Amino acid sequence: MPLWRLTMKIDKKWSFLGGIVLGVLLGWIIIKPAINVLIAGNIYRLNQEPYYSEKKIKKMSYIINGFYVNSVDEEKLKEKIFTGYVYGIEDLDTKYLDKEAYKQYQFNREGKEIGVGITTTWGIYEQYLWVTAVQPNTPASRSKIGVGDKIIQIDGVRASGSNRLIMNEKLSPALGEKHIFTIEERETGQIKEIELEAEVLNIDSFTSDILENNIGYIKIKNILEHTAKELEKQLAEFEAKNINKVILDIRGVDSSDAQWTKEICDIFLDEGLCFSVMDNQGNQREYYTQNGKYEGEMVVLTDTLTEGTLEAFAAAIKDYKRGKLIGTITKGQPTIQTCFDLKDGTGVLISTGKLYTSKGIENKGVEPDIIVYTSYEEIISIIKNGTISIEQDR
């Protein structure tokens, strides 16, 4: 073989070997940091306890089952892990919905609820529950339970402040669930036991009345998909009776659907920006009203339990000088919520937007034009009678 061919073959061989060596060196330089990260990560994981520790849960379960004075529902205990996880956000409007709560939420969106048809409040010293409202055509109304009746106990459990959690559970029954209510009648003082079975009930958006001096009164109870249409119809009925002054009572009402509230704004406000919603990325969606359909005079009643998108409505009425706000400052938590389906019959309700008007109301609340606090006489009436009449309502 000629020398020059042999030299070329040797050079190619060394070039090939040199390329392999160089490739290995470059590869090691590139992947070494990644290997170090992986090794460090594994060492860290070996030495650190994860936030959710199955071992820790088992320890707690052993302690609870071994030493807790009452019986334990293990399934309910496990379910509450998810409740506690979401609770860590520290936002009362963000919550985990178990199967029953999620079913109730879905019913509410459709204008329905599961229950027996009564609304209650705690009596003096929280020694009993007052019935403050009875919905027509419900298990409660069919059993002749009336406003002002006392609930002494449910299923043999005393209706007292110390049993508040138990009372809340029994007053929020699952569909078909039965409870025995021990009732003291307001009129006769007679004690009677009544079994009530929870069923699907229709939710009223509002109630209406005609007050002295030909003034229309509308008490909003719930903001639903059809509320705006029903409200518009009621106002038309008032106008047909030559009633051109209206009190719109939104005290104690919580709402979270921006579109449904915007439709209510459409009734009272001319064209303009009603409010906007900002998401967690800082993106804003603006809600504009159309030409107002109701032109009569109006007053809006608010209190510290007026919450959510209705705060934006109250602020818009005030900002555009459409009517007077009377009562106390709103809650100051104007947010909207979105419910996410967890695909196992449960859901999680998350605050996904903050509401703003032209003057902003985040965490401030809307201050009325005229501040009117609940009087001592009104408080006593609620404690003693479980309700308050329009004549006593300042």
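Which residues make a nonpolar surface patch of about 410 Å²? The patch is made by Tyr62, Ile63 and Phe67, in a predicted model whose local features need pLDDT of at least 70, whose side-chain atom pairs count only at pLDDT 80 or more, and whose totals for chains, interfaces and linings use all residues. Residues are numbered from 1 along each chain as its sequence is written, and side-chain values use heavy atoms, with hydrogens and water left out.

**Surface patches**

- Patches consist of residues with over 30% relative accessible area and no salt bridge, where like charges are joined within 9 Å and nonpolar side chains (Val, Leu, Ile, Met, Phe, Trp, Tyr) within 5 Å; a salt bridge is a side-chain nitrogen of Lys or Arg within 4 Å of a carboxyl oxygen of Asp or Glu.
- Accessible areas come from the Shrake-Rupley method with a 1.4 Å probe, and for residues only the protein chains shown count as cover.
- Phe67, a member of the nonpolar patch, lies in helix H2, residues 54-67, and counts as exposed because its relative accessibility is 65%, where exposed means over 50% relative accessible area, buried under 20%, and partly exposed in between.
- Glu239, Asp270, Glu271 and Glu295 form a negative surface patch, with Asp and Glu counted as negative and the place of a charge taken as CG of Asp or CD of Glu.
- Within that negative patch, Glu271 sits in the loop between helix H8 (258-268) and strand S14 (272-278), and it is exposed, with a relative accessible area of 61%.

- Helices (H or I, at least four residues) and strands (E, at least two) are DSSP runs numbered from the N terminus, and two strands pair if DSSP finds at least two bridges between them.
- Strand S12 (residues 245-249) runs parallel to S16 and is joined to it by five bridges, with Asp249 standing opposite Leu301 in S16.
- Four bridges join S16 (residues 297-302) to S18 in parallel, and Val299 stands opposite Lys324 in S18.
- S18 is also joined to S21 (residues 370-371), again in parallel, by two bridges, where Gly327 stands opposite Ile371.

- Strand S18 (residues 324-327) has Leu325 and Gly327 on a covered face, and Lys324 and Ile326 on an uncovered one.
- Lys331, in the loop between S18 and strand S19 (335-341), counts as partly exposed because its relative accessibility is 38%.
- The C-alpha atoms of Lys331 and Glu311 are separated by 8.0 Å, with the two residues 20 residues apart along the chain.

Definitions and conventions: Buried means under 20% relative accessible area, exposed over 50%, partly exposed in between (1.4 Å probe, protein chains only).
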